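Please read the account below with the model open beside it, following each residue as it is named.

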Amino acid sequence: MAWTGSLLRGYVHPDVNLFHPLPNGDRGVVALKDVKEGTELVVLPTANTLHMPTQELLHSSPEDAYSEAAHFLANHAMKPSPFIATVMLLLAEMAKGEASPFATYIKSLPEEVDCLLAWDDRDKEELKGTSIEDPTGGASTQGTFDKEVAPKMQERPDLWPAPFNSFAQFCRAAGLVQSRAFHMVEENWVLNTRQEGTDLYLIPAIDMINHASNPAHRNSSLLKLNSAKTVQLGDGEASFSGFFLMKADRDIRSGEQVLHTYGDHSDAALLQTYGFIDDGNAGSSSSSSSSHQTSSPQVADRSGGSKVQAGDQGQVTGKAGQGSETKDRGAPSSSAASVGSREPWVNPHNHALVPFSLVEQCTRGMLAEAMAGQQVSGLACCQRWWRIVRWMAVCWQRRW
């Protein structure tokens, strides 16, 4: 791998280029030769990802398995959220410079991230009238930094020295985590429900793989496996227990981009999390940073989106009723695939916004007729609700 040091040991298939330039100016992972279905494209030990460990994992691992910053945050009286913790861990590694085991990976990260966290007020004017008119949900990024982040950094200036304790650096790191991190999603097999979990991972190499909204263009999937693995490297073998695996789901032709999914998101969710919109058609392009999804086998959804699965020898590790983990991933993405699309593809996860006033107006009319003793026919109901459907069609054309 391009960023494997003594700690970061992983495997990238020799017939895959992680940093292939795309026609739109972005980078993507591209097959240099024909790759067969089932081929292991990238393998990276879980221990070599940047993530905030749970208390249980922290106590069961060797003391040097996690950074001093991870121990500090895990034992802090005011524990940060998984997102804030991951941002602070990334800043701590940035502050180490060349001494960080993630130094080469950090150098590969973009200086600017175009997710909505980085938009100024003028840019956000373009969102008025959409479902993401307020992309921060009313929360202030500056307020979050002042209240939850800065006080912890001030306690340990050795871990977060200037300038990595500044608001500007925090915004950049937050944008990187927002757009590149993989979010694990818990899957309950008994209740048949799935919900976003708390685990977040920054996964070197794998976060270079771009997103395709259209399932027909996806050709790979991400798994998180909790079993032993040995891979052949140029200078010998590397063995580890617990790893992320990106594998080919079908034959990939030479020159074709390797694509997977950051999760089944609407255009609004893609823009809000990753800073791009994918029209789902071949030849389109979208640039994202990388938060992904996996499944468990763990399925992953990147943090910002794609899904990863975790399991033991391909078996899901989560128990029925307790759930296994699935991930949503957040990394730069481009959906430019070499496969042609005959018909325009429409994202089925887009939502229409129906003003409540319209719903209220139709409902009041039906109730008034019912209270007046009039019988509301099925045709009359259809006519009233057809007005809502027509409004939904108008909103659908706006794409969010």
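Predicted model: local features only at pLDDT ≥ 70, side-chain atom pairs only at ≥ 80, totals over all residues.

The protein has 400 residues, of which 50% count as buried, and its secondary structure consists of 10 helices and 16 strands. Its accessible surface comes to about 19,100 Å², with 52% of that area belonging to carbon and sulfur atoms.

The largest nonpolar core holds 39 residues, and the members that touch the most other members are L73, L90, L91 and W160. Two or more residues of this core are given by each of the helices α2 (68-74), α3 (82-96), α4 (103-108), α6 (141-155) and α7 (167-180), and the largest share, 9 residues, comes from α3.

Next come the aromatic rings, which form 7 pairs in the structure. One of these pairs joins F145 and F170 in a tilted arrangement, with 5.3 Å from centre to centre and 45° between the planes. Because F145 belongs to helix α6 and F170 to helix α7, the pair ties together parts that are 25 residues apart in sequence. Both F145 and F170 are buried.

A second pair, formed by Y262 and F276, is edge-to-face, the centres being 6.4 Å apart and the planes at 80° to each other. Here Y262 sits in the loop between β10 (259-260) and α8 (267-274), while F276 sits in the loop between α8 and β11 (290-291), so the pair ties together parts that are 14 residues apart in sequence. Y262 and F276 are likewise both buried. Returning to the phenylalanines, ring pairs link F145, F167 and F170 into a cluster.

Charged side chains also meet ring faces. R156 lies over the face of F72, at 5.7 Å from the ring centre, and K224 lies over the face of F244, at 5.8 Å from the ring centre.

The backbone deserves a separate look. Most residues other than glycine have a negative phi, and most peptide bonds are trans. Against that background, the peptide bond from A162 to P163 is cis, with omega near 5°, and P163 is placed in the loop between α6 and α7. A205, a residue other than glycine, has a positive phi, near 75°. This alanine lies in the loop between β6 (193-201) and β7 (210-211). Is A205 buried or exposed? With a relative accessible area of 0%, A205 is buried, since the cut-off for that term is under 20%.

Just after α8, G275 takes a positive phi of about 85°.

The last stop is strand β4 (residues 40-45), which is largely enclosed by the rest of the structure because 5 of its 6 residues are buried. Strand β1 (residues 11-12) pairs with β4 in the antiparallel sense over 2 bridges, and V43 in β4 is the bridge partner of Y11. H13 is found in the loop between β1 and β2 (16-21). This histidine is buried, with a relative accessible area of 16%, and, not counting residues up to four places away in sequence, H13 touches T39, E40 and L41.

Terms used
Residues numbered from 1 in each chain as written. Heavy atoms only, no water. Core = buried A, V, L, I, M, F, W, Y, C linked by side-chain atoms within 4.5 Å. Buried < 20%, exposed > 50% of the residue type's maximum accessible area, 1.4 Å probe, protein only. Helix = DSSP H or I, 4+ residues; strand = E, 2+ residues; numbered from the N terminus. Phe/Tyr/Trp six-rings, centres within 6.5 Å; stacked < 30°, edge-to-face > 60°. Lys NZ or Arg CZ within 6 Å of the ring centre and 35° of its normal. Pairing = 2+ DSSP bridges. Areas by Shrake-Rupley, 256 points an atom, 1.4 Å probe, with all protein chains shown as cover. Contact = heavy atoms within 4.5 Å.
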